[in-house]
Amino acid sequence: MESHDFASLKESFNTLISQVKQNNLLQYQILMSNCITNAKINKKDKQTLLLLLQDRDRNYLRINHNSQVYTKIKEYLAILRPLKIQRNALVRIGGENDGGYVMCRPLLKMGGGGANSPYLQNAKAISLGVSDYSPWDLEMAEIGYLVIEYDGSITHSPYTHPNITFHKKFVATNNSDSTITLETLLKDNQLDSTQANILQIDIENAEWEMLENINIEALAQNFAQVIFEFHGCNPEEKSGFHQRITQLRRLDKHFCPIHLHFNNHGKIFYSRGLFFSTSIEVSYINRKCLKDLGFNESQKIEQGILKDLDSPTWLANPEIPIRFS
């Protein structure tokens, strides 16, 4: 077969694959539309679920009222339920949509001198998982934090800034030319525990193994805030659920959630009036800071998306409602 014949055959094959994928997606959307329309759920939730079907690609939307799934969703929501704190104590860093996080304003000291504040002279922001777009890193650097990036999937930082240092390494359970453990990372960067250091983690499901292999007290000694994008929180899994809820409970002993947001482009569940996503953005503050900040640990938010603070991860889909009961 000549080369141009092979190229033509390859193009036809790729076109066929694309058409099959499109046909499968259409069939899925029709099936789910019928399931949602005929389900015994309230009209507003039906509308949200139907809108979430608009751009699903590889991700699915699932309605599952089984008691085990519902119970697991409630357990996730209970351990991740944020404190109810003053609105002006929260600020979004990193812009809208993916890459932005809601954080604790007093700990950032943005209102107390910003980049010129002595409090920030040695404060560091460790960013694990960078990619080609990490607006949080850039804004933190502009505030005055020393931002230290780790990501083995790219060759250099997407930004040129005097406060940003990049390491081409993945965070893993062993040290090698291409990997580094979190324990080694903390030693190498000589964090000053008296400063408001911050840890940001978005490492595509590798966070669970990382947490299993770290002493959470080491994080509590070094960081005032920790920000995660958790992945793989599928309430239909058994062993996966146990692994994840165990690590969340370990974290909860030292860090308290102050913000929760569902990634609206992940795999989405609906069970007995509760929405859930397998990808979740969570902002924590160190429990040692609660008293100094005047936060009441017993007060939790009722529900919410925070207007003017939250922003959809995927602009083509609506936000996912957050309810705790």
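Mentor: Let's start with one word: a residue counts as buried when its relative accessible area is under 20%, and as exposed when that area is over 50%. Keep in mind that we are looking at a predicted model.

Trainee: With that in hand, which residues of helix 2 are buried?

Mentor: In helix 2, which spans residues 43–52, they are Asp 45, Lys 46, Thr 48, Leu 49 and Leu 52.

Trainee: How do you know on which side of helix 2 they lie?

Mentor: Look at the arc they cover around the axis: it is only 165°, which means that they sit on the same side of helix 2.

Trainee: What makes Asn 42 a cap for the N-terminal end of helix 2?

Mentor: A side-chain oxygen of Asn 42 lies 3.1 Å from the backbone nitrogen of Lys 44. A polar contact needs a pair of N or O atoms within 3.5 Å, so this pair is within the limit.

Trainee: Let's move on to Thr 181. Why is Thr 181 called buried?

Mentor: Its relative accessible area is 14%, and the limit is under 20%, so Thr 181 counts as buried. Thr 181 belongs to the loop between strand 8 (179–180) and helix 6 (182–188).

Trainee: Which side chain does Thr 181 join in a polar contact?

Mentor: The partner is the side chain of Thr 184, at 2.8 Å. With the cut-off at 3.5 Å, the pair therefore qualifies by distance. Leaving aside residues up to four places away in sequence, Thr 181 also touches Ala 172, Thr 173, Asn 174 and Asn 175.

Trainee: How do you know whether Gln 247 is buried or exposed?

Mentor: Gln 247 has a relative accessible area of 5%, so by the under 20% rule Gln 247 is buried. You will find Gln 247 in helix 9, residues 239–252. Among residues beyond four places away in sequence, Gln 247 touches Trp 208, Leu 211 and Glu 212.

Trainee: What makes the phi of Ser 131 worth a look?

Mentor: Phi of Ser 131 is near 65°, a positive value in a residue other than glycine. In general, most residues other than glycine have a negative phi. Ser 131 sits in the loop between strand 4 (124–128) and helix 5. At 35% relative accessible area, Ser 131 falls between the 20% and 50% limits, so Ser 131 is partly exposed.

Trainee: And why is Glu 204 called exposed?

Mentor: Glu 204 has 57% relative accessibility, and the limit is over 50%, so Glu 204 is exposed. Glu 204 also has a positive phi, about 55°, although it is not a glycine. Its place is in the loop between strand 9 (198–201) and helix 7 (207–212).

Trainee: Finally, how many cavities of 30 Å³ or more does a search of the whole structure find?

Mentor: One. The largest cavity holds about 30 Å³ of space. What sets a cavity apart is that a 1.4 Å probe fits but cannot get out, whereas a pocket is open. Residues lining the largest cavity include Arg 92, Tyr 101, His 259, Glu 281 and Asp 310. Strand 3 (101–104), strand 11 (255–262) and strand 14 (280–286) each give two or more residues to that lining.

Note on methods. Residues numbered from 1 in each chain as written. Predicted model: local features only at pLDDT ≥ 70, side-chain atom pairs only at ≥ 80, totals over all residues. Heavy atoms only, no water. Buried < 20%, exposed > 50% of the residue type's maximum accessible area, 1.4 Å probe, protein only. Helix = DSSP H or I, 4+ residues; strand = E, 2+ residues; numbered from the N terminus. Arc of directions from axis to C-beta. Polar contact = N/O pair within 3.5 Å; in protein donor to acceptor, adjacent residues only side chain to side chain. Contact = heavy atoms within 4.5 Å. 1 Å grid on protein atoms, 1.4 Å probe; cavity = no way out; pocket = protein on both sides within 12 Å on 5 of 7 lines; lining within 4 Å. Points joined across faces, edges and corners; volume = space filled by probe spheres on them.
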